[in-house]
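Hi everyone, thanks for making time for this.

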Amino acid sequence: MLCLSLLVLCFVNVNPSSRSIVHIVGGSSSPFSTRHLKVKKLEQQNIRPKKMGIVGEAHKVRVLGAGEKTIVLGHGFGTDQSVWKHLVPYLVNEYRVVLYDNMGAGSTNPEYFDFDRYSSLEGYAYDLIAILEELQINCCVYLGHSLSSMTGVVASIFRPDLFSKLILVSASPRFINTDDYYGGFESEEIEQLCQAMESNYKAWISGFAPLVVSGDMDSVAVQEFSRTLFNMRPDIALSVFRTVFTFDLRHFLSRVTVPCHIIQSSMDMSLPVSVSEYLHRNLGGKSIVEIMSTEGHLPHLSAPEATIPVLLRHIAHDITADGDA
């Protein structure tokens, strides 16, 4: 219950005034709601498995579709590539879609997890670059959630030629507050959450998952997130959690030249809207912010009917000179 009360406190501390200047989308009246989308039947030729190399096998890489443009999907902490199950059917008939699992996800071999390598996001970024190189992908649209959104940011600094644009869902360069930056958490709160994970990982999940997803334990999204969290080895989960909630990538942002599409929920207990605005102001290249009228840190899992149309629009359209997508 310790983590539950701490996370509720963080949710209450979100500054509502920071939401006033960004565009709100979604809802049943939105022209981008899923009733305006048609999912084409997945044709057999679009889901043939591609033989993977060593890197691809380690990361459970799957390549679907046969389009000319490649979309690479990266998942966040506590999930795996299955978190994109609502989005993939909308992509495979027009794009080549690459899915992979971050090392440490429950679907990967825990013996491959290097605690030193993955103590910073550079390790994840080098993995992403290795996957793209093994698949001989010269340029892609990269869509990353949370941990993977910032992985894409770092990878784009190392190899900007590999990315035509980054779509960053629930992205944060730093979760911990400083005197001049509001990330959403105090360092003491993160440490107490880590202690709760060490003490009783299963109990921690029962409190953490509903708050992060913004639902109750009976909801399908919370149950799905809980399942993938349970699949992680507890010591690995703790290590990844520490990495995610203690990194500080603010100094990297000015070096990002690839266009960035920044997307998040209007109500996310772990991510104040002011963080998206901070990214927008400090990234070195073009960027755009879109705040959806959704709740939770995983809107692509918990509110696909509102989130998928937004993602598809940002995938299809580039940032124009006047800042629209």
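A bit of housekeeping before that. This is a predicted model, where local features need pLDDT of at least 70 and side-chain atom pairs count only at pLDDT 80 or more, while totals for chains, interfaces and linings use all residues. Residues are numbered from 1 along each chain as its sequence is written, and side-chain values use heavy atoms, with hydrogens and water left out.

Also, when I say helix or strand, I mean a DSSP run, numbered from the N terminus: at least four residues of H or I for a helix, at least two of E for a strand.

Okay, let's begin with strand E3, residues 70–74. How many of its five residues are buried? Five of the five, so E3 is largely enclosed by the rest of the structure. Buried here means under 20% relative accessible area, exposed means over 50%, and partly exposed is in between, using a 1.4 Å probe and protein chains only. In a regular strand, remember, side chains alternate between the two faces of the sheet. For E3, both faces are covered: one side has Thr-70, Val-72 and Gly-74, the other has Ile-71 and Leu-73, and they are all buried.

What does E3 pair with? Strands pair if DSSP finds at least two bridges between them. E3 runs parallel to E4, with four bridges joining them, and four bridges also join E3 to strand E5, residues 140–145, again in parallel. Find Leu-73 on your screen: its bridge partner in E4 is Leu-99, and in E5 it stands opposite Leu-143.

Now for helix H4, residues 147–158. Its 12 residues should span 16 Å at 1.5 Å a residue, and the end C-alpha atoms are 17 Å apart, which agrees. In case you want to check that, the expected span is 1.5 Å times one less than the number of residues. H4 is largely enclosed by the rest of the structure, because 11 of its 12 residues are buried. Among the buried ones are Leu-147, Ser-148, Met-150 and Val-153. So what covers them? The cover includes E3, H3, E5, E6 and H8, and there's our strand E3 again.

On to salt bridges. The rule is a side-chain nitrogen of Lys or Arg within 4 Å of a carboxyl oxygen of Asp or Glu. By that rule, the count comes to 11 salt bridges. One of them joins the side chains of Asp-318 and Lys-165, at 3.0 Å from N to O. That pair links distant parts of the chain, 153 residues apart: Asp-318 sits in the segment after H11, and Lys-165 is in strand E6, residues 163–169. Which of the two is buried? Lys-165 is, at 1% relative accessibility, whereas Asp-318 is partly exposed at 48%.

Last stop: two single residues. Ser-239 has its place in helix H8, residues 234–246, and is buried, with a relative accessible area of 14%. The C-alpha atoms of Ser-239 and Ser-119 are separated by 7.2 Å, although the residues are 120 apart along the chain.

Then there's Asn-102, in the loop between strand E4 (96–99) and helix H3 (121–134). Asn-102 counts as buried, at 5% relative accessibility. Which residues does Asn-102 contact, leaving aside neighbours within four places in sequence? With contact meaning heavy atoms within 4.5 Å, they are His-59, His-75, Thr-108, Tyr-124, Leu-147 and Ser-148. Those last two, Leu-147 and Ser-148, are also among the buried residues of H4.
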